[in-house]
Amino acid sequence: MSWHDIADASGSAAAIPYLLAAIASGDEAAALDALDRLRHRICQYGFVVGQATAVTVPFLWDLAQRPETTCRVQILQLLRNIADARQWEITAAAYPKLRRHHGDYVEWESAARHAVRAQRGVLPRLLAERDRELVHATRELATTLAE
């Protein structure tokens, strides 16, 4: 599947690879700006995920593990937000008829949460890092994944 064939909150997810590249660039200002723009595309408002979210999560995990990534803490916070996302699931449980019209959103949300959990084996390595802020963000994510 091509990034052009999937959607994020702004429409086509075609820009996501460029945002990921900017996050990986080593330029802190560019990385933070790109991560902020990516957040709006894949986890809008901190809790609304979409079709492109689950596909993007493995790249975020990879970036979070790289010492040269300048915004690792913020990436872990984004992964935590994605792991917590249940807006569509809760709404569909309360109003089952919505699932007929918005079932894709429930599926995308579930897939995104699963994608975060699928790589939780990385957590021990991140918890062993020397950066206290990174360790704190990792603990928060680990707590979310344990729930």
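Modeller: Let us start with Trp108, which at 23% relative accessibility counts as partly exposed, because buried means under 20% relative accessible area, exposed over 50% and partly exposed in between, with a 1.4 Å probe and protein chains only. This is a predicted model, in which local features need pLDDT of at least 70 and side-chain atom pairs count only at pLDDT 80 or more, while totals for chains, interfaces and linings use all residues. Residues are numbered from 1 along each chain as its sequence is written, and side-chain values use heavy atoms, with hydrogens and water left out.

Colleague: How many aromatic pairs does the structure hold?

Modeller: A pair of aromatic rings is described by the distance of the centres and the angle of the planes. Rings of Phe, Tyr and Trp (its six-membered ring) pair if their centres lie within 6.5 Å, and planes under 30 degrees apart count as stacked, over 60 as edge-to-face and the rest as tilted. There are 2 such pairs here. Trp3 and Phe59 form a tilted one, with 6.0 Å from centre to centre and 50 degrees between the planes; this pair links distant parts of the chain, since Trp3 lies in the segment before strand 1 (7–8) and Phe59 in helix 3 (residues 53–65), 56 residues apart. Helices (H or I, at least four residues) and strands (E, at least two) are DSSP runs, numbered from the N terminus. Trp3 counts as buried at 19% relative accessibility, whereas Phe59 is partly exposed at 42%. Tyr105 and Trp108 form an edge-to-face pair, 5.0 Å centre to centre with 75 degrees between the planes, and both lie in helix 6 (residues 97–118), 3 residues apart, about one turn of the helix.

Colleague: Which residues have the most contacts inside the largest nonpolar core?

Modeller: A nonpolar core is a set of buried Ala, Val, Leu, Ile, Met, Phe, Trp, Tyr and Cys residues joined through side-chain atoms within 4.5 Å. The largest one has 40 residues, and Trp61 and Ile82 are those with the most contacts inside it. Its largest share, 7 residues, comes from helix 4. Contact means heavy atoms within 4.5 Å, and, leaving aside neighbours within four places in sequence, Trp61 is in contact with residues including Leu76, Leu79 and Leu141.

Colleague: What span should helix 4 have?

Modeller: The expected span of a helix is 1.5 Å times one less than its number of residues. The 13 residues of helix 4 (residues 72–84) should therefore span 18 Å, which agrees with the 18 Å between its end C-alpha atoms.
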